Every structure is written in C-alpha cells, then in structure tokens.
Amino acid sequence: MIHTLTELLVMSVALGIPILVAATAEAVSERAGVLNMSVEGMMITGCLASVLVAVQTGSPWAGVLAGALAGVLVGALQGLLSVVWRADQIVTGLAITMLALAGTVFAARLLLDRDAATPGLGRTAVPLLSEIPVVGRALFDLPLLGYVLFAGVAAVTVLTSRRTAWGLAVDAVGEDAVKADWAGLPVLRIRYLVVLLVGGAGGLSGAYLALAQVRTFTDHMTAGIGYLAVVAVIAARWRTGRVALVALVFGAAQALQFTLPAMGVSVPVAFLVALPYVLALVAVAGLVSRSRRPSALTVPFVRAGGG
Amino acid sequence: MIPRLPASLRSLPGPPDPRHPLSLGLLCGAGALLFTVLMALTAGSSPGTTLNALWSSTAGNTFALGAAVNTAAAILLIACGFVIAYRAGLVNVGGEGQFALGAIGATAVGVHLPEGTPVLIALPLTLAAAALLGAVWAAIAAGLLVRRGVNEIITTLLLNFVGLALLMLVVHYEQLLRQPVTSAETLPRSEPLVEAARMPLLGVSGSPLTVAVVVALLGAAGTAFLLKRTATGLRLSAVGHNPHASRRLGVRVGGLRFGGLTAAGAFAGVAGGTVVGSAPYVLSDDIAAGYGFTGLVAGLLARGSLLAAVAITSALGLLVAGGIGMQMAAGVPATISQMAEAVLVLLVAGTAVLVRARPRAPRRAAPVPPPPGPVPETAVQGSGPAEKEALR
C-alpha cells in the first residue's frame, strides 16, 4: 500500500511539474488581464526546439535553453496579437496552438533525425531528503531541471504576490487598465512582459516534458496539458499560490493512467485518458461560480483617443 | 432563397480601401497562400511544383475534386452551427468532440439497421442519431454555461478530449462498436455501415460526390433563414449584442444560449454522420481529426454571412485536399494545410484592429435607415458577433 502510494505520488509530481510551471505563469498573466490559450502551443514548440538543439549539440542544457527561447518567441507572437494589435485573445491563442501543433509536426519531419538518441536529463537525488518515506522520492529525486523549475515557480509566486509592488501592478493592470494607466503604470509593457513570461514558462515545461520525461519528440506529445494549465488557473481561482495544489491533482489524474494498470486494476484505457479532462470539467463547473475573475481579463487596453 | 448581399459588398463602389473588410479578407487569403508556398519551399518543393500539386490534387482531377467537396460539406455543416452559436455571443470550440459523438451515433444506428431497410428511412435515422449525440455533447457545455456561468470555450474545449477518448473506447471494444476480432491484425474500427445507411452518391461520373453536399447546402440555407428571417434569429443576435438589455426586454437569454450552443452541436454531429457515411463507411478513432478547428475557422471567417461560409468552406475543403496532394506529389508534410489555416486566422484576427480603428459612427443608429457609406457596417463588423442586418 505504502509502495503504491509512493509510486502514485512520484508519478503525480513528475506529471504535475509541466502543468505547474505553465499554470503559475499563466495565473500571473491572467491577473494582468491577458488570457493565453496558446500555452499548449508554447509547450509543444518548447518540446521540439529542446529536442532538436539537444540532439544537435549533445547537451541537454542547451536544449532547455532553446526550449525556453522558442517559448518566448511564441509568447512574443501572442503578445503582439493580443496586447499590441488588440486581437481576440481566445481566437488568436487557439490559432497559435494550431499553428504550433501543425508546425512542429511539419518541422519534425524535415529537421528531426528520428534515429538519433536524445540526450536526456538524468535524476539527481538529494541525499537524506530523498529517503523520507512516501514524499521523499516524489520531491527530492528529480532531474536537476525539476529543482530549478520549483525554485522559479516559488520566485514568481513570491515576486508577484499581493505584498510586492510588482504583484500590485499586475493586479491593477488586470482589474482596471484605464485607472492603472492614469496612475502611471506602463499597462502595455506589463502585459507584454507577462505574456513573454508565459512563453518562457511554457517553453521550459515543454523542454522538461521532452528531455526529462519522454526523452524524445513525438507528434502532439503535449496532448492537451497546456489547456489543463489554463484550466488549473481557473480552478485555483486566480491565486498563484493555489496553482501548485491543482497542478498536483491534475498530475495525479494523469498518473492513474500508468499506476492503475500496474496495480492490476483493469479499466478501459479510454476512461483513464479522459480522466484529467473530466476532472478539469468538474473543477471549472464546481468552482467557477464561487470565484471572481480579473475584471479586465481578455479586454484589450487602448488609451482613449490614442487610436 | 437568395441572401441579400452583405453590407460590405453593397458599399463596394468608390476608391478601393485596403482596410475594407472584403479587400482585407482577400489580402489575408493571399498572405496565407504565400505562407504555404514559402513553407513548401523550405521543405524543398519549388513554388511551381507546389502550385502544380495543389492544382492537380484538387480542381484538376474529378475524383479529388469530389472528395474535396465532400470534405467541404462536413466543414460547412460545422461552420453553420458555429455561426448560430456565435450569433448568440458564444464561441463553440467543441466541434471536434461533437463531430466524434455524431460519428459514433451514426455508426451505432448505421451498422445495426436490418439489411433491407429503405434508404429513405435508414439515412434520416442515421443522421438523426448523429445530430442527437452531437447535440447532447454540446448540451453539457450549454447546461454548465446557463446554470453555472461556466465559460463555454473552456468546457467545449475540454469536452473535445473526452469525446475523442469516447471515440477511442467504442472502436476498441467488441461489446461496443468494434468489428468482430478474428485475428491479431483486426483493426480497431467499426464494421461498415449497412448499404442503406450510406450517403448515396450523386451519380456524377468518376466523382465520389455524395448527398452530403445537398445536406450541407440545405443546412446552410436553413441557417440563413433562421438567422435573417425569423424572430428567433433576431432574438439570438439581441442576446449576442447585449444580454442584459435583452433580459430586460423579456428575451429568454438562458434558453436561447442553450439552444444556440446545442444546435451547433447537432450540426457538428450531422457532419460526423456524413463523414462516417462516406467511403470507407467505417468508424475509426482518427475520423474527427482536424474537422472541428477547420469548421471554426470557416464560421469565424464568414462572420455570419452564409454565402461567404459556402465560399470559404469550399476553399478550405480544397486546401485540406491540397495538403494531402502536396504530401504525395511534392513530399511536403500534409500538416501544411493546418498551418495555412492557422495563419489565415491569425491574419484575419490580427488585422481586425485596422477595421476597428476607423472612426466610429453612431453605434446606436440601428432602427433608423442606414446612412449612405460604409462606416457603420464596417465599424460593427470588427466588434465580434455583431450583425445589424437582422435588427433593421
């Protein structure tokens, strides 16, 4: 029993990390009023870029960097469309995702050598801490990048909490952009920056998925977890701190796909594949009415008279 | 019934303005085509080879043209449903899941009908089952929207994944819809539909053109009639324009939203039914791939004009067929057609600000006769599901 629980927790954390990283950034972005349905696209772009560069250079860390940069580029496109050109955020986000999903398949056919081994990220166990029963292996026997990402998530959460000037600025821009502008906040710059942050986070979580978990690129390998990250923000009711819990739950829902058959429980695979999405549906259905989303979410900002 | 010319066409005379919605649309289309040719060039196919492959796999070949038009018919059905929901201010992203459920419904009926059933009974039954399951799938999202105020974009999107998992489930289990497993090579797909439940060919020689085209055109005509000539259509756009004002005027906002989104699901379901009913007449787990997004693109680009929807879906159907043709003839990955679609949406959505940025004419001038000149129509067109046509 303890063994099964440990295995489940290890898998849940491993599968929850990509969602956690992307959702933390997305929560900040939504608090600033920009919804990015393109998280899925940023992730898949990060996956392909990291694998391509890792294979080329032989260094997984160069791949991680490339993944982050590729994500930032997708974020720059999303920011250009939704912040600067004030285009419909949901439509452009979905279209960017579609472009990235199709584009990565296209580019993988042309550029990726399917036979080349992908240099992956090995695990680094923290001495002593990883010996703690149940939670030890889940939290302290991760690839190095995992710890880096945890630190990054913690940093973003603290730096954008409501006790910092940055956090207040983000909330002000997302609640009432016009008044924030009167108060002298650079609305467009803040919004563009948070979208770039989502891009970088999405790219990094894609790189983590591809280099630390799957260790190769497969078509459509993100399989919708980018959308789960967006839903996680809603389920966490736009509180950056709660995102971690929701990400763990979504990770667990995915982990059941692998642990239940291993435990000898026979459930049709399709049910297990659908489980995270059903859970996500229940989460938005049950929680959304008790929450208040940022007032200016998806509302573009333009200074009156500025055209 | 011929729909009136869209406002954008009526105001054509005069100096050509590159910001005009129509010329902007053409420019975006040209941009997407240029993108396709450039992408194919990076894949090692010269522009000549690319355009040649595009032509010969679509318009230059009777069989391919028929297949492309069949595809376009399914896209048109999804687009019609999208437009109905969009009129009520709702964005249905769930076309793919509703399509999958429709395909399941059509197969469940189509493989179990007795062999001798007349076509006139079997076909409507099959399509009705498709519409019903598609509608039920959309109704989940619609119910959550009306009852609990959950954003329909998120729910329909998530339901896609659940719907595709269901599709996977039914084709993998013999107790459900899988064909009897006789050997290890038995594919996870359904048995073929009985003869009577298949979409009859239209009888154009050498062409796989089926009745699906007629179904889709009837659907488009029906949608146009509903939206432009009935009180329900007027109420739907009222809800889309201003739900609060509509509620005060006694319009049943919740009911109309529920109905609009459910209708969108029914249309997407029928689209799934027509695709299962076309060769090779079996349900497989990749049958829904790409249809949902393409239907959304078509509905979005048509901006409420069903005449435009017919034109755009034809182009998109050709584009999908052209992508497959380019893969075979020029060695370019077929996903290039999805990339072109996505670029088209980005261009259209990104340039919408150019239309919006023009001086806003009085926006509340709806009840008075339209002033001459293009200003109010274009100003409105840029602002979402706005269509003053019906309110006049």
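## Confidence of the model

Chain B has an average pLDDT of 82, and 84% of its residues score at least 70; pLDDT is the predictor's confidence in each residue, from 0 to 100. The model is predicted: local features need pLDDT of at least 70 and side-chain atom pairs count only at pLDDT 80 or more, while totals for chains, interfaces and linings use all residues. Residues are numbered from 1 along each chain as its sequence is written, chains are lettered from A and ligands numbered from 1 in the order in which they are written, and side-chain values use heavy atoms, leaving out hydrogens and water.

Over residues 8–15 of chain B, where pLDDT is under 50, the model has 8 contacts beyond four places in sequence; contact means heavy atoms within 4.5 Å. Residues 358–392 of chain B also stay under 50, with 41 such contacts. Where pLDDT is low, the predicted coordinates should not be read in detail.

## Chain B

Chain B contains 15 helices and 0 strands. Both are DSSP runs numbered from the N terminus, helices being H or I of at least four residues and strands E of at least two. Of its 392 residues, 54% are buried, where buried means under 20% relative accessible area, exposed over 50% and partly exposed in between (1.4 Å probe, protein chains only). Among contacts in chain B between residues at least 6 apart in sequence, 73% join residues at least 24 apart.

Helix H4 of chain B covers residues 62–87; at 1.5 Å a residue its 26 residues should span 38 Å, and its end C-alpha atoms are 36 Å apart, which agrees. The expected span is 1.5 Å times one less than the number of residues. H4(B) is largely enclosed by the rest of the structure, because 21 of its 26 residues are buried. Just after H4(B), B:Gly89 takes a positive phi of about 85°.

## Nonpolar cores

The largest nonpolar core has 184 residues, of which A:Phe217 and B:Leu283 touch the most other members. Apart from it lies another core of 7 residues, including A:Val173 and A:Phe301. A nonpolar core is a set of buried Ala, Val, Leu, Ile, Met, Phe, Trp, Tyr and Cys residues joined through side-chain atoms within 4.5 Å.

Leaving aside neighbours within four places in sequence, the contacts of B:Leu283 include B:Thr107, B:Leu177, B:Ser190 and B:Val276. B:Thr107 lies in helix H5 (residues 95–110) of chain B and is buried, with a relative accessible area of 0%. Beyond four places in sequence, B:Thr107 touches B:Leu193 among others.

## Interface between chains A and B

The contact takes 44 residues from chain A and 39 residues from chain B. About 3,400 Å² is buried between the chains, 85% of it from carbon and sulfur atoms; buried area is the accessible area (1.4 Å probe) that two parts lose on being put together, summed over both. A:Met98, A:Phe106 and A:Leu281 supply 19% of the area that chain A buries against chain B, more than any other three residues.

## Backbone exceptions

Most residues other than glycine have a negative phi, and most peptide bonds are trans. The bond from B:Ala279 to B:Pro280 is cis, with omega near 5°, and B:Pro280 is in the loop between helix H11 (253–276) and helix H12 (291–302) of chain B.

In chain A, A:Arg86 has a positive phi near 55° and counts as buried at 14% relative accessibility. A:Arg237 has a positive phi of about 50° and is partly exposed, with a relative accessible area of 25%.
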